[in-house]
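Colleague: I would like to learn how to read the features of a model like this one. Could we go through them one at a time?

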Amino acid sequence: NEQLGLWMEAERMRHAVINQIGVDTQREVVKEEKRMRMDNQPYGNLLTAILNNLYTNHPYHWPTIGSMEDLNAAKLDEFLDFYIYPFLFQLVLIYLS
């Protein structure tokens, strides 16, 4: 039901644990997704090549997922600095009948 779902999400955000184990785990998940969707596909890096040539001095120059070097270089402190506090979130519910 909706109340249970909202309560679970509120608890997840209120008691978020961001530690080195979680960062390492999620880093490996993202790296595997990159391998599956980009690196191991015949045309997986085509969009990256196109963006590199179209946007030479713009943030679109880099792929959204980043490079393996970027993923490997990510530190716990960067995750903690990036974390958005739960009280800043807003929820919009739309009911369609």
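Colleague: How many salt bridges are there?

Modeller: Side chains of opposite charge can pair when their charged atoms come close. A salt bridge here is a side-chain nitrogen of Lys or Arg within 4 Å of a carboxyl oxygen of Asp or Glu, and the count by that rule is six. This is a predicted model, in which local features need pLDDT of at least 70 and side-chain atom pairs count only at pLDDT 80 or more, while totals for chains, interfaces and linings use all residues. Residues are numbered from 1 along each chain as its sequence is written, and side-chain values use heavy atoms, with hydrogens and water left out.

Colleague: Which residue does arginine 27 pair with in a salt bridge?

Modeller: Its partner is aspartate 24, and the closest N and O atoms are 3.0 Å apart. Both residues belong to helix α2 (residues 20-39), three residues apart, which is about one turn of the helix. Helices (H or I, at least four residues) and strands (E, at least two) are DSSP runs, numbered from the N terminus.

Colleague: Where do glutamate 28 and lysine 31 lie?

Modeller: They also lie in helix α2, three residues apart, or about one turn. Lysine 31 is buried at 10% relative accessible area, whereas glutamate 28 is partly exposed at 41%.

Colleague: What is the distance in the salt bridge of arginine 35 and glutamate 32?

Modeller: From N to O it is 3.0 Å. Arginine 35 and glutamate 32 are three residues apart in helix α2, so about one helical turn separates them. Arginine 35 is partly exposed at 28% relative accessibility, and glutamate 32 is partly exposed at 37%.

Colleague: Which residues does arginine 35 touch, apart from those up to four places away in sequence?

Modeller: Contact means heavy atoms within 4.5 Å. With that exclusion, arginine 35 touches Asn40 and Met68. Arginine 35 and methionine 68 are 33 residues apart along the chain, and their C-alpha atoms are separated by 9.5 Å.

Colleague: Now lysine 34. Is it buried or exposed?

Modeller: Lysine 34, which lies in helix α2, has 8% relative accessibility and so counts as buried. Leaving out residues up to four places away in sequence, lysine 34 touches Asp39, Ile65, Gly66, Ser67, Met68 and Leu71.

Colleague: Where is leucine 71 found?

Modeller: Leucine 71 is in helix α4 and is buried, with 13% relative accessible area. Beyond its neighbours within four places in sequence, its contacts are Arg27, Val30, Lys31, Lys34 and Ile65. The C-alpha atoms of leucine 71 and arginine 14, by contrast, are separated by 26 Å.

Colleague: How is a pocket read?

Modeller: Rolling a probe the size of a water molecule over the atoms shows where empty space is left. On a 1 Å grid over the protein atoms alone, a cavity is a set of points where a 1.4 Å probe fits but cannot get out; a pocket is an open set with protein on both sides within 12 Å along at least five of seven lines, and lining residues have an atom within 4 Å of a point. Points are joined across faces, edges and corners, and the volume is the space filled by probe spheres set on them. The largest pocket holds about 300 Å³.

Colleague: Which residues lie nearest the centre of the largest pocket?

Modeller: Of the 15 lining residues, they are Val23, Gln26, Arg27, Val30 and Phe79. The elements giving two or more residues to this lining are α2 and α4 (68-73), and α2 gives the most, with five.

Colleague: Which rings form the aromatic pair?

Modeller: Rings of Phe, Tyr and Trp (its six-membered ring) pair if their centres lie within 6.5 Å; planes under 30 degrees apart are stacked, over 60 edge-to-face, and the rest tilted. The structure holds one such pair. The rings are those of tyrosine 55 and tyrosine 60, with centres 5.2 Å apart and planes at 90°, so the pair is edge-to-face. Tyrosine 55 is partly exposed at 31% relative accessible area.

Note on methods
Buried means under 20% relative accessible area, exposed over 50%, partly exposed in between (1.4 Å probe, protein chains only).
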